[in-house]
Amino acid sequence: HLVESGGGWVQAGGSLSLSCVGSGRTFSYYAIDWFRQAPGLEREFVEAIDWSGTRTYYADSVKGRFTISRDDAKNTVFLQMNSLNPEDTAVYYCAAKRDDNKPGEYDSWGQGAQVTVSS
């Protein structure tokens with residue numbers, strides 16, 4: 001079970017941080033991916049962190065602006081978003097998967113957190 005928090009409203013150029021908190025004692029076994037979905041558009045991959053925290057993956061659209069990290073002692077993955085622009089406006093979702101999952105297969109999804117960036 002995943003819960004996102006930290007969304008909100010910010011002006012262009014500002015920053016926001018999202019958190020994805022998991023329950024249970026096996027959180028550290030899971031890779032966490034972040035996705036976002038803007039109104040009228042398909043869900044798109046944003047970035048990911050593997051179970052060990054040593055490998056991260058970014059979409060080109062956020063590279064250099066967003067940073068993902070994890071603190072397994074707190075069962076939390078963080079998404080630090082800097083230099084936000086209106087195109088980043090979307091509902092952001094985190095999702096958990098194990099290494100042996102099939103591509104696109106996730107064990108749990110969060111409920112989503114709204115991020116709104118005004119120009």
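Residues are numbered from 1 along each chain as its sequence is written, and side-chain values use heavy atoms, with hydrogens and water left out. Because the model is predicted, local features need pLDDT of at least 70 and side-chain atom pairs count only at pLDDT 80 or more, while totals for chains, interfaces and linings use all residues.

Strands here are DSSP runs of E with at least two residues, and helices are runs of H or I with at least four, numbered from the N terminus. Two strands pair if DSSP finds at least two bridges between them. Strand β8 (residues 76–81) runs antiparallel to strand β3 (residues 16–22), and six bridges join them. In this pairing, S19 sits opposite F78 of β8. Strand β8 is also joined by six bridges to β7 (residues 66–71), again antiparallel. Here I68 has L79 in β8 as its bridge partner. Four residues lie between β7 and β8 in the hairpin that they form, and N75 in the turn has a positive phi of about 50°.

Next come the charged side chains. A salt bridge puts a side-chain nitrogen of Lys or Arg within 4 Å of a carboxyl oxygen of Asp or Glu. Searching the whole structure turns up eight of these. One of them joins R36 to D88, at 2.9 Å from N to O. Since R36 belongs to strand β4 (residues 31–37) and D88 to the loop between β8 and β9 (90–97), the pair ties together parts that are 52 residues apart in sequence. Burial is judged by relative accessible area: buried means under 20%, exposed over 50%, and partly exposed in between (1.4 Å probe, protein chains only).

Another salt bridge brings D72 and R70 together at 2.8 Å, N to O. D72 is partly exposed at 28%, whereas R70 is buried at 16%. Shared partners join the salt bridges of R36, E44, R65 and D88 into one network.

Finally, the rings. Rings of Phe, Tyr and Trp (its six-membered ring) pair if their centres lie within 6.5 Å; planes under 30 degrees apart are stacked, over 60 edge-to-face, and the rest tilted. The structure holds four aromatic pairs. F35 and Y106 make an edge-to-face one, with 5.6 Å between centres and 90° between planes. This pair links distant parts of the chain, with F35 in strand β4 and Y106 in the loop between β9 and β10 (108–109), 71 residues apart. Both F35 and Y106 are buried. Together with F45 and W109, they form one aromatic cluster. The ring of F35 also has the charged end of R43 sitting over it, 5.4 Å from its centre (such a contact needs NZ of Lys or CZ of Arg within 6 Å of the ring centre and within 35 degrees of the ring normal).
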